[in-house]
Amino acid sequence: RFAATPRGPEDAILGITLAYNADPNPNKVNLGVGAYRDDAGLPVVLEAVRQAEHRILQRSLDMEYLPVAGSHTFLQRAIWLAYGDDVMQRMNGRFAGLQTLSGTGACRMAGELISRFLDIPHRTGKPLILLPDPSWLNHRPIFTDAGCKVASYSYYNPLTKSLDIDACLHSLENAPNASVVLLHACAHNPTGVDPNMDQWAAISNVMLEKSHLPLFDMAYQGFTSGDMDVDAASVRLFAEDGHKIVLAQSFSKNFGLYGQRVGCLSVMTDSEQETQAINSQLKIIARPMYSNPPIAGVRLVEEVLNCDDLQQLWRSEMKSMAHRIISMRSRLRQHLIELGNKHNWDHIVNQHGMFCFSGLSKEQVDTLRERFSVYLTANGRISMAGVTSDNVDYLADAIHHVTSS
Ligand code: PMP
């Protein structure tokens, strides 16, 4: 019955890991997937998470269904982690939201809510979501599949390897009023380029003037600075400025819970009535898709955030993850300088978070793979989390080689 099904293309990012796994070279390096690795190149389970797991196991809890919207305690803690005490107090509970299948699920639920209910004056057809150019490769299919129209706004300048703030503001000014604008809260994927606070303020102002709706994707809170509050500054500034924010949070990276699928979608509202109406619709959207979210991962996050000792430990572990990446950035740049490479590699240290948008061409990326078994995405994105004390010299040598001919 399915004989005519056309074979679809492999996911560009996941395909890299498949090719890496099949490579017999003992020096191979996987810089494709955006998952944190320790300095031995191994996956990490945080000590705070291990201790939370232990405490939870001792309680012999049941494994009943969560409500459709997930754990209410988790929702409150997740929203607090993003917004902090001041905004929480000012909003006085006016957040709708639900526990989601991680950041991907939060984005998808946001897209579904927007495509069904976003109030735009004189709305005709699908609402428009603007993505930064470039953005995480999954954003476009997520929002298209959710029934939104997707376009992009200027963001990255490949010549300076940094933010083109003038072009960015210009394209937001020229977009139709009341567009939805997706913003990476920090540690932009794939470029590692974040606006500074003045630039965030300028973006916020243009968006207020144009009545654009900010949809923040916060998948890497903690990975830019190592500090959860510093990394939330963009979202908190927009809240101060009076935006009504839609926020997609992932706990995959900062809790190392990739396979557990822990995330949160929250929507700021103007009234209790609006909160209840949105909550009712989010449940109506979620129920036919997956009924209710998974329970194991969310218990871990709740336990860590509810216990002061675990929360403190987790915050310090988050800091170490961020700082290991920051130190690999400077070592990689330093090695390239020591090799006498003629290009400017300042962007390696100026960019933030898990990724470095190296500026390497597709041909150079191909040569890195074929000659050196170094795997990165075709757009030249390096997952800095895959760089370790053992492979940083090898990587610098390889990059020097492909950029020196
Ligand atoms: N948003 C961005 C920008 C991401 O990079 C990712 C992960 N690659 C996600 C959302 C979602 O990840 P997850 O579904 O694992 O939380």
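Which residues touch the most other members of the largest nonpolar core? They are Ala110, Ile129, Val181 and Val235, in a core of 112 residues. Such a core is a set of buried Ala, Val, Leu, Ile, Met, Phe, Trp, Tyr and Cys residues joined through C-beta atoms within 7 Å. Buried means that 20 or more other C-beta atoms, placed from the backbone, lie within 10 Å of the residue's own; 12 or fewer means exposed, and values in between partly exposed. Helix α11 gives the largest share of this core, nine residues.

The model is predicted; local features need pLDDT of at least 70, side-chain atom pairs count only at pLDDT 80 or more, and totals for chains, interfaces and linings use all residues. Residues are numbered from 1 along each chain as its sequence is written.

Two cis peptide bonds were found. One runs from Asp133 to Pro134, with omega near 5 degrees. Pro134 lies in the loop between β3 (128–133) and α5 (139–145). Helices (H or I, at least four residues) and strands (E, at least two) are DSSP runs, numbered from the N terminus. The other cis bond joins Asn189 to Pro190, with omega near 15 degrees. Pro190 sits in the loop between β7 (180–184) and α7 (197–209).

Most residues other than glycine have a negative phi. Asn92 has a positive phi, near 45 degrees. Asn92 belongs to the loop between α3 (72–91) and β2 (95–101). Asn92 counts as exposed because it has 8 C-beta neighbours inside 10 Å. Ser291 also has a positive phi, near 70 degrees. Ser291 is exposed, with 10 other C-beta atoms within 10 Å.
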